[in-house]
Amino acid sequence: MVRRSLKHWPLAIVLVLLLVIVVPPLALSLFRHQQASDADPGRGAATVAHDVFGDSFTKVTYLEQNWRPQDSLWFYTTTQGSNLLPYDFFMALEQPGSTPLAAAPPFRANEHMNSLRYLPQRATASNPDALPVGFVKDRYLNKNYVGLTCAACHTAQINYRGLGMRIDGGPGGADMVGFLTSLTTAMQAVRDDAAVRERFVKAVLARGEYASADDIVKDVGVYTQRLVSYNIINHSATNYGYARLDAFGRIYNRTLQHLLNRSQLEAVLRNIFTPEQVAEALAGIGNTLSSAQRDQVIARVARTPRDIAWLRRELFIKADAPVSYPFLWDVPQHDVVQWNGIGNNAGLGPLGRNAGEVIGVFGTLDWHEADTYSLSSLLAGQGFKQRTIRFDSSVNVENLRLIESRLASLQSPQWPRSVFGAASIDAARVLRGERLFNNHCASCHASIDRSSPERRIVAYMSKVEEVGTDPTMADNSVKYLGYSGILRNQYVGAGVGSILLDKKAPIAALLTKATTSVLETRDPDKSFVQRWAEWLRNMAKAFFGNEIKASNKQGNYTIDTTIAPYASLRAYKGRALNGIWATAPYLHNGSVPTLYDLLLPAQCPADDKQAECRPAKFQVGSREFDPVKVGMRSEGYDGFTFDTRLPGNSNAGHEYGMVAVMKGDKTVPPLTREDRLDLLDYLKAQ
């Protein structure tokens, strides 16, 4: 814990208490003023004239989810500390395809961002530059950045006959890899093409953030190199496409990148470079690498994509397990979260989970060694000063707590009969479907009252061997180790006891320790009194305001042991299915396009030419909704081809109801086609 001189403590305590008492009401007043100014019934939603996949929507509406317009707009524009690119760079950047004589349209243009499946917005009070949903200006250490909020990946839209329906907390349809690839190409054009660079520098200077062209050109080099390195480090042989991302793989890799220390990096570099080259690469680098020093090392040793690919193999893990963006309603009411239950939702668990997410979406991580004042060190006879690691970062813990609190009121969307027609759900089928659900589904997917403030979601964990779905994501979370770097010889708690972090350690342990350390660090962007006041308030409110208590996981999964402390992560979560109709594609890896397909077997019997089974290939990217099969349009257009035969893309498993099973002394027969339609109508009604 960081401490100042003891003689300042009485005054500091008084100031902290004063700030805790005075600041929250003032902040609440300002917040309410912002809410009032953002009471736009359309919530800023914009349409586009041309869509890359031929989708058409001329109007946007919102389904009832217990959020007011100001709640949605606050969620879209509340920064969490993501610093992807200097803000003026993003505003001035042209799309790839610019030439020396002709500028391409702005990168941030609605049509371009919509083609990547980010949702276009009009200007609002909290979004004056009309950034897409989930893009926001973040300020950190007196510099403005463009960053991502939770809403970028967790806001959905489905279209039906010209009407776009926005769904807050729904799984986003974005192609984040395509976005980053396009962004990198555009930045490379600025770096390498004199005419493009001249236009860019002129536009950035006109915005007033930068004082000189030289500073702009220098930062163009830095951020372009970061993007190139990031893309190569996280390259996957299996393309993600739309609506998927290996978020954990990328969070792990950013964590590993920033945990590196000089000694471990030097040992790795010696495997390929000469001693002279290693010395040159690490010249002027201390034991702990700052962000600027990390950029210097990358620039010195990664002169070609092949060099970066080699570093990826040596230092990082494969980010090759893309999964669908989870939907967020009822998340604060869960006992455990994430597809494999890695996130315990009790205590400070939600803050740790969200801090990890910010690490993954380009939070600034200024982890470094520093001298701090420590009373415990003084009492131990080691002096008042102590050399320690400071986990300074742009992670906005205050806003992470507020976002989690706001999500507690979000409810799942209900099937809009007014849009799809009164006959789109048959009451008799719903009754028959409920009986089928209780026989085949209820043991893993409990029913809840979507609007009850007392609702709780107990996740049912099914080990990979039982559920039979693609194991890649679960396997990666258990099998990979990473260099512990600056965390070496520290302890991290696991369910079965503490783990001492060796030279290499489980990535789950490293991420847990890193996020915990970030939460324990006061905000470096605030004054001494303010950072302590906010930290104390946030920790107290997050911990004591969380009604979820630590509990054992439910289900059939491998128990953690001292030998295998993360064995339980080789499982997938079943949760309540309210609102499931609005969350296509299905299974954790998005390998099944519609709910109807999910009720079919993965493979058709070879001798049955009339049998139905899940599609082996289908198209992804369209937002046009199919209310009969319940999912997005998956054929008839040139979208991203999802091939279930590729690694990580298997559509096998979760084939409950496909064969007869015994329940007690009764045989439960397999589902017929009519049964599937009954069950489908029941799921629509949830």
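Which residue in E6 is the bridge partner of Tyr62? It's Arg166. Keep in mind that this is a predicted model, where local features need pLDDT of at least 70, side-chain atom pairs count only at pLDDT 80 or more, and totals for chains, interfaces and linings use all residues. Residues are numbered from 1 along each chain as its sequence is written, and side-chain values use heavy atoms, with hydrogens and water left out.

**The sheet**
- Here 3 strands make an open sheet with mixed pairing, ordered E1-E6-E5; strands are DSSP runs (E, at least two residues; for helices, H or I, at least four), numbered from the N terminus.
- At the edges sit E1 (57-62) and E5 (155-160), each pairing on one side only; to count as paired, two strands need at least two DSSP bridges between them.
- From one strand to the next, the twist averages 25°.
- E1 and E6 (residues 162-168) run parallel and are joined by 5 bridges.

**The helix pair**
- Helix H8 (residues 247-259) and helix H20 (residues 507-520) have axes that come within 10 Å and cross at roughly 70°; axes are lines fitted to C-alpha atoms over the stretch in contact, with angles from 0 to 180 degrees between N-to-C directions.
- That's why H8 and H20 count as roughly perpendicular (65 to 115 degrees; under 35 is roughly parallel, over 145 roughly antiparallel, the rest oblique).
- On the H8 side, the contact (heavy atoms within 4.5 Å) uses Phe248, Ile251, Tyr252, Thr255, Leu256 and Leu259, and H20 brings Ile507, Ala508, Leu510, Leu511 and Ala514.
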